[in-house]
Number of protein chains: 6
Amino acid sequence: MGRLNINWEREGRQAAYLELPSSTNASAWQNLRIPVFYFRGGEGPRTLLIGGSHGDEYESQVALSKLAHGLDPNVVLGSIIIIPSLNLPAALARARLSPLDGGNLNREFPGDARGTVTQRLAHFVTHELVPRVDNVVDLHSGGRTLQFLPCTFIHEQSDAARTDAFLAAAQSFGAPLTVILREDHADVMLDDVVERAGKLMLASELGGSALVTPDTVQLASDGLLRLLKHLGHLSGDHSQPMVAAPSRVVSVPGPEYYLHADDTALFEPMRELGETVQEGAVIGFYHYIDRLDRAPVPLHAPHSGLLLCTNGEALVHRDDTVAVIAADYWR
Amino acid sequence: MGRLNINWEREGRQAAYLELPSSTNASAWQNLRIPVFYFRGGEGPRTLLIGGSHGDEYESQVALSKLAHGLDPNVVLGSIIIIPSLNLPAALARARLSPLDGGNLNREFPGDARGTVTQRLAHFVTHELVPRVDNVVDLHSGGRTLQFLPCTFIHEQSDAARTDAFLAAAQSFGAPLTVILREDHADVMLDDVVERAGKLMLASELGGSALVTPDTVQLASDGLLRLLKHLGHLSGDHSQPMVAAPSRVVSVPGPEYYLHADDTALFEPMRELGETVQEGAVIGFYHYIDRLDRAPVPLHAPHSGLLLCTNGEALVHRDDTVAVIAADYWR
Amino acid sequence: MGRLNINWEREGRQAAYLELPSSTNASAWQNLRIPVFYFRGGEGPRTLLIGGSHGDEYESQVALSKLAHGLDPNVVLGSIIIIPSLNLPAALARARLSPLDGGNLNREFPGDARGTVTQRLAHFVTHELVPRVDNVVDLHSGGRTLQFLPCTFIHEQSDAARTDAFLAAAQSFGAPLTVILREDHADVMLDDVVERAGKLMLASELGGSALVTPDTVQLASDGLLRLLKHLGHLSGDHSQPMVAAPSRVVSVPGPEYYLHADDTALFEPMRELGETVQEGAVIGFYHYIDRLDRAPVPLHAPHSGLLLCTNGEALVHRDDTVAVIAADYWR
Amino acid sequence: MGRLNINWEREGRQAAYLELPSSTNASAWQNLRIPVFYFRGGEGPRTLLIGGSHGDEYESQVALSKLAHGLDPNVVLGSIIIIPSLNLPAALARARLSPLDGGNLNREFPGDARGTVTQRLAHFVTHELVPRVDNVVDLHSGGRTLQFLPCTFIHEQSDAARTDAFLAAAQSFGAPLTVILREDHADVMLDDVVERAGKLMLASELGGSALVTPDTVQLASDGLLRLLKHLGHLSGDHSQPMVAAPSRVVSVPGPEYYLHADDTALFEPMRELGETVQEGAVIGFYHYIDRLDRAPVPLHAPHSGLLLCTNGEALVHRDDTVAVIAADYWR
Amino acid sequence: MGRLNINWEREGRQAAYLELPSSTNASAWQNLRIPVFYFRGGEGPRTLLIGGSHGDEYESQVALSKLAHGLDPNVVLGSIIIIPSLNLPAALARARLSPLDGGNLNREFPGDARGTVTQRLAHFVTHELVPRVDNVVDLHSGGRTLQFLPCTFIHEQSDAARTDAFLAAAQSFGAPLTVILREDHADVMLDDVVERAGKLMLASELGGSALVTPDTVQLASDGLLRLLKHLGHLSGDHSQPMVAAPSRVVSVPGPEYYLHADDTALFEPMRELGETVQEGAVIGFYHYIDRLDRAPVPLHAPHSGLLLCTNGEALVHRDDTVAVIAADYWR
Amino acid sequence: MGRLNINWEREGRQAAYLELPSSTNASAWQNLRIPVFYFRGGEGPRTLLIGGSHGDEYESQVALSKLAHGLDPNVVLGSIIIIPSLNLPAALARARLSPLDGGNLNREFPGDARGTVTQRLAHFVTHELVPRVDNVVDLHSGGRTLQFLPCTFIHEQSDAARTDAFLAAAQSFGAPLTVILREDHADVMLDDVVERAGKLMLASELGGSALVTPDTVQLASDGLLRLLKHLGHLSGDHSQPMVAAPSRVVSVPGPEYYLHADDTALFEPMRELGETVQEGAVIGFYHYIDRLDRAPVPLHAPHSGLLLCTNGEALVHRDDTVAVIAADYWR
């Protein structure tokens, strides 16, 4: 139920659309086409780079678009698949979720060949792309409603050596932070598919607010080159990417490190992302702009740590995440 | 058609709702209430401070909320009216325009007592508030879809001395830029009402992207204190606001300094707001994420100047503004 | 811009559509047709009966539909125009406002022959129907979002004799309450058009919640017959309508008798409509169903009076009317 | 995929949020929180009380909110879990179905830990709450589009003794009617989960039209106390709830007792809920307000019985239920 | 409030955007741009050709796009302004009305410089373009919801000679029909502006159903050339357009020649557009697909004539136009 | 979960509603009713005729409505089930997909008794209707967004004799074209259910653009009679349907015969449906009505063949199908 006209054995650069049939009220026979780029320089490591799983996370889409159009095929070792905007309909709709079926692509794995467009897209990635690679890199960011200090994410593995390998890859990217997730999660993500297959899985959160800034794009572009170098994809002919500063390794110790709004308000963060906060410190203020009688209310840090994430839009509603605090990671 | 229970002669601080009847499918007898704060310290200058004329411009709403709740009435000279979120329904809807009638409050002046809610709100401001003051300050920012280098705005007046007075007030705010507008405009704005009445009119653009950041809020808060000091509203008892760096005075020389997208794309700005760009320099790139065959396309500066504004969301559509360039102002 | 094929001089019963051209995305040449019924029994009083000015106020629409189909033309004296569902598109859309243009018909008088459909409808009533009658009866009810103790409404007239005449007509209807409005209002209502023309104007509020109940329909049907009898429209041949109990005359003394929600909550009224409440008594409770920490909050009567109106839906939002209290009327 | 921080062994009263992660275009990391209350007075019967499975059924939500905030923990025997608004997002949206995924919570059991928010909520109830209790009480009402004479509902069980036990519990509630359902139904309801587990299952329909009235709330509150007393949850210290009149036991004999509209019309019920109607009697009238040529059309009772349910909104469309007739129950 | 960078004196072909500022929630500073083409070959007749006043009328947009890109400037005499898609936002939205403000451009003349986008667009046409020409041709078609036998339209003028001149122009186009309108209409159309200014006004209806067909485009293209030739715009160098068959002159004698649906149904036309029908003949059938008990219902022609227009979509609703019958025109 | 009150053994004509319970925000207990007609003339062939699987495909709905109301039961041999509008809610909503759940009925087979309304409808057809017949005819057309030369469709079967039988039935219908599909498809269609059960399956595409024309309805009506005759359903008493011209047998050789838009444009087809085109010939033009600088762009035929399908609406978006080319079929 998906078609991708790439010759996986051919050397050099190819570009083709992943085609998926869709059918909507506005287009009975819609042929959904998602750009895919492929670079091959002989045998070697095999890596899949994905951006735009959530449509409104644009930093990685820009960085992968630049890489797909700018990478010199002659310096590539092994094979690299680049999909800058995997959930393209969502990206074009300025939305996190697919406008075609409301699906959250990141929660539809391993997919279903007989299901919705989003499920069929997940199925294609699971069955046609993941088996062709050794490493999967899924670049996220905060999207419209969150903002992150740029960081890479890995899940802690049961095998410590494997965690070490994931961590080394994550740190090679050179983001200021590397986050190690320990939490349980339902078996619905690309990460589950990749990790269960014994492959390397790396994610990121790069900025947010449905924006791109010169800084985050630069970091993402440099980080991708550093990561590709680390994975053995770039021959010596390639100009060296800038060495990054060491990335601090943190985790989010528990659910109480996630702070949620109780009511509609403007949330004003008082600290920059990445700043260290002490338990009890004021992280920001809620402004109840519809109420005469409610002065701004401070939000205190429940634990010491560093500010990993804040709201991506000033106006927040009940249950929205307004801040996430991370702490240094100890195994 | 509007009710505001404030005693304009009473000294000290008052807080009251401006009440406007509204009637929607979801609320037959809706009593729309907009918080208004009033400070009076005897006779003296009289100023109206407005935020949130466009609902998704949140920086000024936070700064005015802080001022309304934090200003010590004992240091105030004259009278100050503060309306942090004038278009409150829009602010709560994360929207530029009023969700009640689709109205653009900033294009509905002088208003109409028999019209839509937005027109009746404009009418109230025109007929009940503007006549009570000498100065009107209307704080805008880029909203969801634009981002500005923080700046104050004035319209060039036919009387040079009056332009000077406006400029002095604008510069007292201490934003990095002061923009002088020369363009004609239809007679539909609050500015028209105020300027025609011979009063001082000052506007601003502070950030954007439907966000607030610690820096922009700090600038807006400090700028408001500096402006109030300049206008003679703060007695010596008040701790001095930080002196700001001089504000560069610019204008946008003509329509060709506004750059618009021709197609749906991700626009990646390559320059920071406020940077100087030379004619022909690359300001950013359009990334056509839905097209295999279109490499990133550079956008060149049509004229030298400094980058005043860029897009507030990464994904742009045809006709959206992606950049505005300003040039130094010469009379 | 409106067509109504009725021969105003012909005796007996006629039924015709008021036709108004409309143009929407779904119907380029839409011929909006609103049923109108006309009874004539020689010279005599002339009355216009209107229901459904707001689409979701169904009690009067049912009562007028019954009257239009059940009234024996042989007992009619003078002429009676009946429009059961004046804002028919809204009635069919379960909405207060017109789905064609968002217009609130009750705020669009005297209308505009070149304007929106709602404005053209108001214009037709003003210029084609009101001039043909001596009395106008505009039957409202609470609609989806309010509930009223059945009552008739009149505006206090500057001429006391005229107020008396209005009051006599209102009381003939036989609703439990007669409400006399003293408030100012913008010159946008049918009432303004009729009263300025020196004619008798009568309105009502009959139930609400977008419902009809056997009791309210019975009251409306009986009330209409009593009113027509009072106005001299029914000959002796007509069976006498039941005599109603005397109607209590009240007014709403001021804005503080209208109570509005401050927040989203379930509002539970503790008193039946029409009950007498003392100042400070608990009228109802707000239940904050989304909050663990907020026990039900009582709403106290700000003044003594009787409960005229409560919310028509249990879930209320900020600014919604949850209760109106009336007090006995003294000139 | 759900978190509820309650210590099931602790005596007394606890209040905690059931937390479910959600992800929407408007809130990437939304932490959906649903209030849960827990009372424990030693070993004893264990009961789960649920309101708001359909969001627009507000009577039970108010009654359970009052119980959760007003019940004295010292009189409780055994343990009681109270969830006043299980489908809280729907309740806040004035909707029957979840605004997050369109799910009908009452048709999503036993749920799915990897599914939509509604499916995960059903899964949590099935796997975390039902196993902790002996009795489940799921309080419904007519919602926006139906109105019921207050009643309790049980399904006839294959084991007569079990039906007797269910019936005894149902009748202890003291609603005017007790309805016994015999119809087959797909295996998708909470009832199926509970009954298959051999536990007591009781439902209700209490009023409707998205309203609460003093009478229905009083009945629900008293009924809950009577039911808790019946189930052995209230010690002698508790003041006795009023004894209810005996509840009439009825069933709906077959599909022809459900009456549906054929066309858009105003449906005017002519009988009060609970009235006895004879076969052929006029239950109400359809008013075709858009048609000159269609007089009101009577709806005749197809069978004798009592009027259990009518439409909750006056305007009905094709296929809407306008009346349900019940008959005395005979085994 | 509108900008169009065309040098009206320059010979040859120019292409420029008409630019109108707009402001929406999705684009704060939107620069709406509508393509305009200008041909000048010295002094001579001056004509404005407009397509797409209603967005979903595509035949003329295609024909004018072809003309604007294909017309050889060397054969042009006088000046021709071509705007293929005047209401471009509606055209791109597949809608009749503007998606920016809901405006019906064809009912907003003469426009308002301070109004909505649609009103400002009408104002620009009225004040900047109409004064520059002698003839205005506004090409319509049925749009999504109607289908016409291709025809040109004129309004009967009070001056018979002027009617003759209009008629001669209309017939030169060579559509099968020429329709002469006698009806009154509100003073809100472009036609009113043009005719009051003493200029030649010509309209058309060309096909419909939001489609273009090879035949209608060919007719429109040929008709435009014939019309331009008739108006004196084409020099002898231009290859002669095909001579058209004589166009039959008709009018729609009164409102009873417009037939409207009474209910939702599939309307099946039994006659081709342009066929002659006798009074009482069956024009088509209504199919009530939701009703078991309603056989197809014939629609009879109320008067003899020819079938000018039928429904553009098979499913019709109450008040939709399903057929228009025209009769031969007699002065 | 579905009820259909038909006595399958009774001779003659019956009409009954297929009833499916549904529950929406607008109708809590909705009884969805879909008209079904049944003709029986003793033992003999058994056929199910379906129209309106996609709601906006109206040709077959009209033809089957005419057949269901016009077929003389006395001439019928065997049994015929007719469902003119299977996805009735979509048909009434002018939509391809169900407005109740967004489901594409044609992709939901074999259905699910516990699923959405669309899934339960598919389940009913699979389990209650298909087992009662030998032949299934599912009449489609282009719907709003496509237009087809009228044709019948079959899938090539692995057993050549079976393909022959399907082909004979398809050709008996007498459409200008018969299309044989060879492509793989997911196991989600009615075709899969029927073919796997060893029964005859026939589909069609008849026109499009959400229209019906006299020609297509006539063809469909005649074709149905010819097909029923071929299948042995019409006794000699029946007047012979007109013999059709031989139907050309074609297939669509591969995905490159489907042509898709790359961008928003008006697509103008230059060829009539059914015309033969040579490789490289211009099929039509894209008109970029929003761009000054893009002249109309031709679309060339990638292969020789005949034009089977074009766009059903003039305005197309990226990924929409604008043309399909078919080639003569060779086994």
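1. What percentage of the 331 residues in chain A do buried residues make up? Buried residues account for 59% of them. A residue counts as buried if 20 or more other C-beta atoms, placed from the backbone, lie within 10 Å of its own.

2. A word on reading this model: it is predicted, so local features need pLDDT of at least 70 and side-chain atom pairs count only at pLDDT 80 or more, while totals for chains, interfaces and linings use all residues. Residues are numbered from 1 along each chain as its sequence is written, and chains are lettered from A in the order in which they are written.

3. Let's stay with chain A. You will find six helices and 18 strands there; these are DSSP runs, with helices (H or I) of at least four residues and strands (E) of at least two, numbered from the N terminus. Along the principal axes, the C-alpha atoms of chain A fill a box of roughly 65 × 50 × 35 Å. The radius of gyration of chain A is 20 Å, which agrees with the value near 20 Å for a compact globule of 331 residues. This radius is taken over C-alpha atoms, and the globule rule is 2.2 Å times the number of residues to the power 0.38.

4. Now for contacts: two residues are in contact if their C-beta atoms, placed from the backbone, lie within 7 Å. In chain A, 68% of the contacts with a separation of 6 or more are between residues 24 or more positions apart.

5. Next, look at where chain A meets chain B. Each chain brings residues to this contact: 38 from chain B and 38 from chain A. On the side of chain B, the elements giving two or more residues include strand E2 (12-24), helix H1 (59-70) and helix H6 (214-230) of chain B. H1(B) gives the most, with five residues.

6. Some chains stay apart. Chain B and chain D do not touch, and their nearest C-alpha atoms are 10 Å apart. Likewise, no contact joins chain C and chain F, whose closest C-alpha atoms lie 10 Å apart.

7. The axes of helix H4 (residues 160-173) of chain D and helix H6 (residues 214-230) of chain D come within 7 Å and cross at roughly 140°. Axes are lines fitted to C-alpha atoms over the stretch in contact, with angles from 0 to 180 degrees between N-to-C directions. In H4(D), Ala169(D), Ser172(D) and Phe173(D) meet Gly223(D), Arg226(D), Leu227(D) and His230(D) in H6(D).

Notes: A residue is buried if 20 or more other C-beta atoms lie within 10 Å of its own, exposed if 12 or fewer, and partly exposed in between; C-beta atoms are placed from the backbone.
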